[in-house]
Amino acid sequence: MSGIESIPAWAALPVALLLVIGASIILTGALGLLRLPTFYQRMHGPAITVTLGAGCLLLASMLYFTVAQSRLVIHELIISVFLLLTAPVVAMTVMRAAVYRDLRARKQEAGATAGGVYVIPPEPDDNAPETKP
Amino acid sequence: METLLELAIGYALVCVLVAMAFCAVRLLAGPSAHDRVLALDTLWMSGMLLALVLGIRFGTQVYFEAAILIALVGFVSTIAMAKFLMRGEIIE
């Protein structure tokens with residue numbers, strides 16, 4: 001049907017540019033996930049992957065298929081809208097889970113603070129009789 | 001111009017694969033459970049973008065459907081795992 005050969009130069013240039021920029025941004029996001037020291041800093045790495053990187057690649061895909069098939073192909077917009085809707089939900093849920101777990105484990109060095117929202121569980125009393133079986 | 005586009009596609013494939021390798025390292029070596037959940041979510045997203053780049057490479061629309069399915073399942077699985085981490089159960 002359509003291949004790389006059928007793409008004219010004026011369309012191949014922006015598609016290649018968007019691919020290179022998007023792939024570099026994805027690599028940067030994953031590098032941030034790998035290299036940053038604490039979890040709350042590592043949260044910020046994938047954010048750039050799912051917004052800018054995915055946006056650039058979806059734009060490149062839209063442009064490529066629009067030119068290759070000589071008609072308007074914009075159903076990649078479904079994925080971009082879905083990603084833009086779900087990325088904050090995922091980030092917030094994982095972050096809340098991390099804050100919960102850090103507060104429950106009383107890991108003060110992780111940097112989690114109650115913020116007046118959650119109650120830090122009281123210090124376990126060593127002299128109290130064991131209630132768990 | 002085809003060679004330029006092929007080079008760009010090859011560069012994008014290599015970059016996305018290296019990003020997936022980084023996510024896999026964080027998934028295996030993550031110190032805590034929420035690190036692993038975050039790495040798995042990024043791995044889903046990178047897999048979806050890999051399917052998109054492969055769709056451009058081979059010029060078919062089949063990979064688009066794979067990408068949208070990967071995005072949907074990745075979102076649901078990440079939410080389920082985060083919910084499990086927070087509460088200890090998924091459906092309350």
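## Helix 3 of chain B and its cover

In this predicted model, the buried residues of helix 3 of chain B are covered by elements that include helix 4 of chain A and helix 2 (33-58) of chain B. Those buried residues, meaning residues with 20 or more other C-beta atoms, placed from the backbone, within 10 Å of their own, include B:Phe64, B:Ile70, B:Phe75, B:Met81 and B:Leu85.

Helix 3 (residues 62-87) of chain B has 26 residues and spans 38 Å from its first C-alpha to its last, close to the 38 Å expected at 1.5 Å a residue. After helix 3 of chain B comes B:Gly88, with a positive phi near 90°.

## Helices 3 and 4 of chain A

Helix 3 (residues 44-69) and helix 4 (residues 76-104) of chain A pack at an angle of about 180°, with their axes 10 Å apart, which makes the two roughly antiparallel, the term for angles over 145 degrees. Among the residues making this contact are A:Val50, A:Leu58 and A:Met62 of helix 3 of chain A and A:Ile79, A:Leu83 and A:Ala87 of helix 4 of chain A.

## Where the chains meet

Contact here means C-beta atoms, placed from the backbone, within 7 Å, and by that criterion 50 residues of chain A touch 44 residues of chain B. Helix 1 of chain A gives the most to the side of chain A that touches chain B, with 15 residues.

## Basis of the model

Residues are numbered from 1 along each chain as its sequence is written, and chains are lettered from A in the order in which they are written. Local features need pLDDT of at least 70, and side-chain atom pairs count only at pLDDT 80 or more, whereas totals for chains, interfaces and linings use all residues.

Notes
Axes are lines fitted to C-alpha atoms, for helices over the stretch in contact, and angles run from 0 to 180 degrees between N-to-C directions. Helices (H or I, at least four residues) and strands (E, at least two) are DSSP runs, numbered from the N terminus. Angles under 35 degrees count as roughly parallel, over 145 as roughly antiparallel, 65 to 115 as roughly perpendicular and the rest as oblique. Two residues are in contact if their C-beta atoms, placed from the backbone, lie within 7 Å. The expected span of a helix is 1.5 Å times one less than its number of residues. A residue is buried if 20 or more other C-beta atoms lie within 10 Å of its own, exposed if 12 or fewer, and partly exposed in between; C-beta atoms are placed from the backbone.
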